[in-house]
Amino acid sequence: MRLHRLTLTAFGPFGDTQHIDFDALSTAGLFLLHGATGAGKTSVLDAVCYALYGGVPGARQSQGQSRLRSDHAAAGTPTEVILDLTLGERRLEITRRPEQPRPKRRGSGFTTGKAQSWLREYDPATGQWRALSRSHQEIGEEIGQLLGMSRDQFCQVVLLPQGDFARFLRAGAEERGQLLGRLFDTRRFAAVERHLTELRGTAQQRVRAADERLLTLAHRMQQAADSGDGVGNHPLPELVPGDPGLADAVLEWAAIARTDARERRAITAHAAHAAEAAHRMAQQRLTDARDLARLQRRHADARQRAKALAARSGERAQARAHLERARAADTVAPALRIREAAATEHREAAAAEQHARHRLPAHLAQAPGEQLAARERETRQELGSLAAARRAEQRSAAITAELAALEREAGADDDLLREAEDWLAGWSTLREAHQQRVNRAQEAATRAEQLAGQLAPARHRLDAARRRDRLHSEVRTAEDTLLHARERSASAHEHWLDLKDRRLRGIAAELAAALRDGEPCAVCGSTEHPDPDPGRTGEGHIDRQTEEAALTAYQLAEERRERAENTLRSLREALTLSAAEAGEAPISELAATAEALETEHTTARQTAADAHAARETLERAEREHTERLAAQRDAGRRSAARTSQRETLLREQTALDREISQAKGGAVTVAEQAATLERLAGALADAAGAAARVETTALRLKEADAQLANAAYRAGFDTPRAAADAALTADRQRELQRRLDDWQAEERTLAAEFADPELQAAAGQPPADPDAARQQADQATRRQRSADAADAAARARCADLDRLSIQAEADARGLAPLRREHDGIARLAGLAAGTSAENERKMRLESYVLAARLEQVAAAASVRLQQMSAGRYTLVHSDERASRGARSGLGLHVVDAWTGHERDTATLSGGETFFASLALALGLADVVSDEAGGMRLDTLFIDEGFGSLDEQTLDEVLEVLDSLRDRDRSVGIVSHVADLRLRVPAQLEVVKRRSGSAVRQRGSG
């Protein structure tokens, strides 16, 4: 994999578009990626990872894609990453845009745009880019197949975090296993271990529960066989768990109980049939009584309704007559509505005429309509003659406004000239002050970067010292806890053994007391008992529950002891690591050093933070100097133009004023005169129109009165008023018709009721008594329920005994296979978990797989380490068995060729640890890339680890990294260490600005 170009737009701290040419940087083989803290060095690596996988490394991915967008970007600029690279001999271009807000196409505000991806491939034959896909899933699968590694693997082997590998060298087997497990994905082997452990626990529980299950089933069958009355019940024999004849005794007793239950079932079934027949007869009598009572109530109700209907006959006749007159009045309603509309229109026309005449002068208020119309025409002719004068008046006002504007412009230009002269007089002094401010900020930025490289190690040692002192106290507390836990475990163990011994003696005494001459022994079967020792089985006898409680207490105490040992071991390991990192220096001394560096670094950063603002201030001042010089020249030109324009406007305004004075007459202005004539013409037109409408509406009212009188006469009414009084609304007419229809329907219904022969027959019988019939039916129901309940209980008893008997037989047959299954699973789980005696190294299955991977990584890293250490050091994998039950198989040692001894990697010095961790990182990159199908990684980035190196060590490291060019690899060093800028000529600088960061390349190509 080789990177060619990277383009960032509105990504992270970069507000606009930035271009990075990795081909130019890779020419030197070794290049430096540097910049101020927070400028965005890591964001460049994030962009590479995001282009390949659609996500950023580590915890930054949890912040969501919305945080990828730069806060400095303009609203219309989309966030975008474009990566041009070669993968597997294929030249590809990946473009990704995250989900982000964008301005709405219509209206204001923003909407959320969906994430987008594009994949293109370069065709050497045509020299053109060819589109491959726009699907997130397809692009992810294509890139994943070409790279052959997950995002976590890529971030670990291409973006090499040196601090992680330094910790890996000093870590224990558990921490190494976690890192290797993430890189090589051995979760399936750990899942096999957990699955086998779960299977073993499950099988053990089944075997333990099988011994108790048969006896539990026997007691359940005894409860099921109990009829409650004591008749025919057979007691369950005395049985105890472990009795060899338990299954046969239970099955034999169950057969007897099933036979007795079936006999009881036959008796209850006969009683239930008899009660059911009696219940059916009682229910039929109750039904007959209820039907007769219902018919008799219907007959009595019909007689009452007939009397009520006859009493309302007069009301029916009145309603029918009222409805007929209302329907006749409906024929007159259209004429009534026409007459009312004509009257309303006439009244409105008269009122409008009166209002219009009030607006006229007094001498025209009572004039006829024809005279008003003629006067309105004359007024409009006079108004038309004033149009030219009105335009002249408007132009005169505009000239006055233009002259005033010219005066204001002249005053503004004078002020501008005076201000520019004053400002330009002090320009030299102001520029010198701004330049000194920029120089101070740049010097402070350089000092801040130097202090940053010293501050991180000081903070790390201070944190390690604080952990060291805190862990000292926690170790002492854990030692006391372990001591108490061991004492309690030993005490609980002795107590359990004592109770167990006493119980065994008690059991022997019980057996001896039950022996009789001539009767077989329950243990050995012998009929001879030469020396029985009944002992004492009274007070102080220990039962099984007491012994098991003591055993449980001992097991809990032992678990607490093991937890205390594990806690103490973890604390001691953490203390050793913290002490190695912090040294022997006290916290106060380290805190004072860190605080002094922090204070100096903060002061330098605060001063350096003013660099951008100082440069911007200087640039603004220079732009203002140029602008003020140009303003002086422009003001002079404008002054000459204004003088000529003012003279022309004054001559035009003099001619217009003469024309206006002749046209406005007695008014103040021509516009005022025109407005007066316009209002008079409008009032005359309104009054003439209103007079014409009054005459028209009077004729319509007279015609409507004649039509109404004719319609009332034809409908049979003496006057139109009588027709109006007889009219009813449609709802009222429907209500009267509904009442008439209801009365008629009631008559038909009553006639049908009295003609029903069933009602007539019921009326001739004596009154029915359903209450007595219901009491008899209730008694029969209770008797039937009692019999049914007894029969159901008998059936359930038989079913329960049958079901439990089948289950008991199955449990008796299944006990032996369960025990065989448990033994096989327990043996396999012990091997996988490393607890079996057959597993000599005590290695878990996952550890065995990871050990093979670690051996490959150590071999690949040794090739690098030997080059870096001039052949002195070699990394080797160790599978020695760890002490105190710790995890085995993941040991990592270093062989020193100078001494010939093999020692743990935690004993390496700081510089040696850096060599070893760098070799380990490069070796791991080779192993992971080989596992990914041999994908060659031509571009690597190394982050962290350079700030604490001395000059000689730094030179050696750079020589080793520079030697990677022999394999045509380019390595990017990500660091803010200022000394590296003098040692690495090819550089990519990330500059922090107020408007967003930017990148600069130099010393490459």
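Two strands are taken to pair if DSSP finds at least two bridges between them. Helices (H or I, at least four residues) and strands (E, at least two) are DSSP runs, numbered from the N terminus. The model is predicted, so that local features need pLDDT of at least 70 and side-chain atom pairs count only at pLDDT 80 or more, while totals for chains, interfaces and linings use all residues. Residues are numbered from 1 along each chain as its sequence is written, and side-chain values use heavy atoms, with hydrogens and water left out.

Strand 3 (residues 30–35) is joined to strand 16 by four bridges, and the two run parallel. Within this pair, leucine 32 stands opposite glutamine 987 of strand 16. Strand 16 (residues 987–991) also pairs with strand 17 (residues 998–1002), here in the antiparallel sense and over five bridges; leucine 988 faces glutamine 1001 of strand 17. Six residues lie between the strands of the hairpin formed by strand 16 and strand 17, and glycine 996 takes a positive phi near 120°. Strand 16 is mostly covered, with five of its five residues buried (buried means under 20% relative accessible area, exposed over 50%, partly exposed in between, with a 1.4 Å probe and protein chains only). In a regular strand the side chains alternate between the two faces of the sheet. Accordingly, Gln987, Glu989 and Val991 point one way from strand 16, whereas Leu988 and Val990 point the other way, and all are buried.

An open sheet of six strands has the order 2-1-4-5-8-9 and antiparallel pairing. Its edges are formed by strand 2 (14–21) and strand 9 (128–133), each of which pairs on one side only. From one strand to the next, the twist averages 20° (axes are lines fitted to C-alpha atoms, for helices over the stretch in contact, and angles run from 0 to 180 degrees between N-to-C directions). Within the sheet, strand 5 (residues 90–97) and strand 8 (residues 116–123) pair in the antiparallel sense over six bridges, and threonine 95 stands opposite tryptophan 118 of strand 8. Helix 2 (residues 41–53) packs on this sheet, touching strand 1 (2–11), strand 2, strand 4 (80–87) and strand 5; contact means heavy atoms within 4.5 Å. The direction of helix 2 makes about 105° with that of strand 1.

A further open sheet comprises three strands in the order 11-12-13, again with antiparallel pairing. Strand 11 (873–878) and strand 13 are the edge strands, each pairing on one side only. Neighbouring strands of this sheet are turned by 35° against each other on average, direction ignored. Four bridges join strand 12 (residues 891–896) to strand 13 (residues 901–904), and aspartate 896 has histidine 901 as its bridge partner. The hairpin of strand 12 and strand 13 has four residues between them, with glycine 900 in the turn at a positive phi of about 80°. Helix 22 (residues 845–868) lies across strand 11 and strand 12, running at about 175° to strand 11.

Arginine 739 is located in helix 19 (residues 730–755). Neighbours within four places in sequence aside, arginine 739 is in contact with Arg312 and Glu315.

With a disulfide defined as a pair of cysteine sulfur atoms within 2.5 Å, the count comes to zero disulfides. Cysteine 49 counts as buried because its relative accessibility is 0%, and cysteine 798 counts as buried at 13%.
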